[in-house]
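Q: Hi, I'm new to this one. Could you walk me through it?

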Amino acid sequence: MLRVAVPNKGALSEAAHEILAESGYRRRRDPKQLRLVDADNDVELFFLRPRDIAVYVGSGTLDVGITGRDLLIDSGAPARELLPLGFARSTFRFAAPVDGGVASTDALGGTRVAAAYPGLVRAWLDERGVDATVVGLDGAVESAVQLGIADVIADVVETGTTLRQAGLQVFGEPLLESEAVLVVPADRDPHPGVDVLARRLTGVMTARRYVLIDYDVRNEHVEAAAAVTPGLESPTVSPLHDSGWSAVRAMVPRADTNAVMDELWEVGARAILVTEIHACRL
């Protein structure tokens, strides 16, 4: 039975539960439930703190888990990223006082850097040979400079509003672009059941990115319409009862749906319909 670590709370939790449910796995009904056996799928789900998941998986106690790339790196656990999952995205940046004299990553040497993810920051500094002191905090990192325990901070930045209110500004390239990831032990082959889990998750992610588009078009315009909707390999083209017309079906990126419909209309397509894809295997 595949043993899967699932975030029990925080920004990762709801989206992780949602993608697992869409992948066909049972969903817990009680948020206090710590373990759930899904016998139909030969899976056992363990609901754990997101920060601990890489540790459990890296130790081999559990076979696979969903956590954040930031938490994986910060943990230093012997686990590796197998599959990015496309949700819970975040960006880590350095920030310093506007007039503090640190305006680039080249000036980090000798500074004190406050961070809620000290392992992640330490790894970034070590990779670049930067000799700086990392001050680990649980949160409210933006106050560290004002309170005198750090010269610079490294934290998740969304709009930058909180930093500006604290008199800080970001500098340099992002330390990390993070998102939810599927992790497995780094020092052994994954459990055989991981392939099925990864394939199901990939199917859901693909289904979320694409829609199915169907339309009718006169035969002389099929080539032009197919150029607008090439599909992943080739569109499906079927004859209609009226021998002058064909029906066409293809997958198109969800973000392009309305632009594609407009182009199809211009080349003569009619009865254009768009439907959701709930799951797929490509």
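A: Happy to; we can go from the overall picture to single residues.

Q: Great. What kind of model is this?

A: This is a predicted model.

Q: Okay. How many helices and strands does the protein have?

A: The secondary structure comes to eight helices and 15 strands.

Q: And what does the C-alpha trace span along its principal axes?

A: The span is about 80 × 50 × 35 Å. The radius of gyration is 24 Å, while a compact globule of 282 residues would have one near 19 Å.

Q: How much of the protein counts as buried?

A: Of the 282 residues, 45% count as buried. As for the surface, the protein exposes about 14,600 Å², and carbon and sulfur atoms supply 49% of that.

Q: What share of the contacts with a separation of 6 or more comes from residues 24 or more positions apart?

A: Such residues account for 68% of those contacts.

Q: Let's go inside. Which residues touch the most other members in the largest nonpolar core?

A: Those are Phe94, Leu108, Leu175 and Leu197, in a core of 58 residues. Helix 6, residues 193–209, gives the most to this core, with six residues. In soluble globular proteins, nonpolar side chains tend to be buried together.

Q: Which residues does Leu197 touch?

A: Leaving out residues up to four places away in sequence, Leu197 touches Leu2, Val4, Leu20, Tyr25, Val64 and Leu182. Another core lies apart from the largest one; this other core has 13 residues, among them Tyr215, Ala225, Val228 and Ile272.

Q: Switching to helix 4: which of its residues are buried?

A: Helix 4 runs over residues 118–127, and Leu120, Val121, Trp124 and Leu125 are buried there.

Q: Why are they on the same side of helix 4?

A: Because they cover an arc of only 130 degrees around the axis, they end up on the same side of helix 4.

Q: Which residues have a positive phi although they are not glycine?

A: Asp42 has one of about 55 degrees, and Ala88 also has one of about 55 degrees. For background, most residues other than glycine have a negative phi.

Q: Where is Asp42 placed?

A: Asp42 is in the loop between strand 2 (35–38) and strand 3 (43–48). With a relative accessible area of 43%, Asp42 is partly exposed.

Q: And where is Ala88?

A: Ala88 is in the loop between strand 5 (79–84) and strand 6. Ala88 counts as partly exposed too, at 33% relative accessibility.

Q: Last topic, annotations. What does UniProt place at residues 49–200?

A: An unreviewed UniProt entry gives the feature "domain: ATP phosphoribosyltransferase catalytic" there. Over residues 49–200 the chain is 26% helix and 32% strand, with the end C-alpha atoms 24 Å apart.

Q: Which UniProt annotation covers residues 207–278?

A: That would be "domain: Histidine biosynthesis HisG C-terminal", again from an unreviewed entry. Over residues 207–278 the chain is 28% helix and 40% strand, and the end C-alpha atoms are 6 Å apart.

Notes:
Residues numbered from 1 in each chain as written. Predicted model: local features only at pLDDT ≥ 70, side-chain atom pairs only at ≥ 80, totals over all residues. Heavy atoms only, no water. Buried < 20%, exposed > 50% of the residue type's maximum accessible area, 1.4 Å probe, protein only. Helix = DSSP H or I, 4+ residues; strand = E, 2+ residues; numbered from the N terminus. Arc of directions from axis to C-beta. UniProt positions renumbered as here; feature names shortened; annotations may be inferred. Core = buried A, V, L, I, M, F, W, Y, C linked by side-chain atoms within 4.5 Å. Contact = heavy atoms within 4.5 Å. Rg over C-alpha atoms; globule rule 2.2 N^0.38 Å. Areas by Shrake-Rupley, 256 points an atom, 1.4 Å probe, with all protein chains shown as cover.
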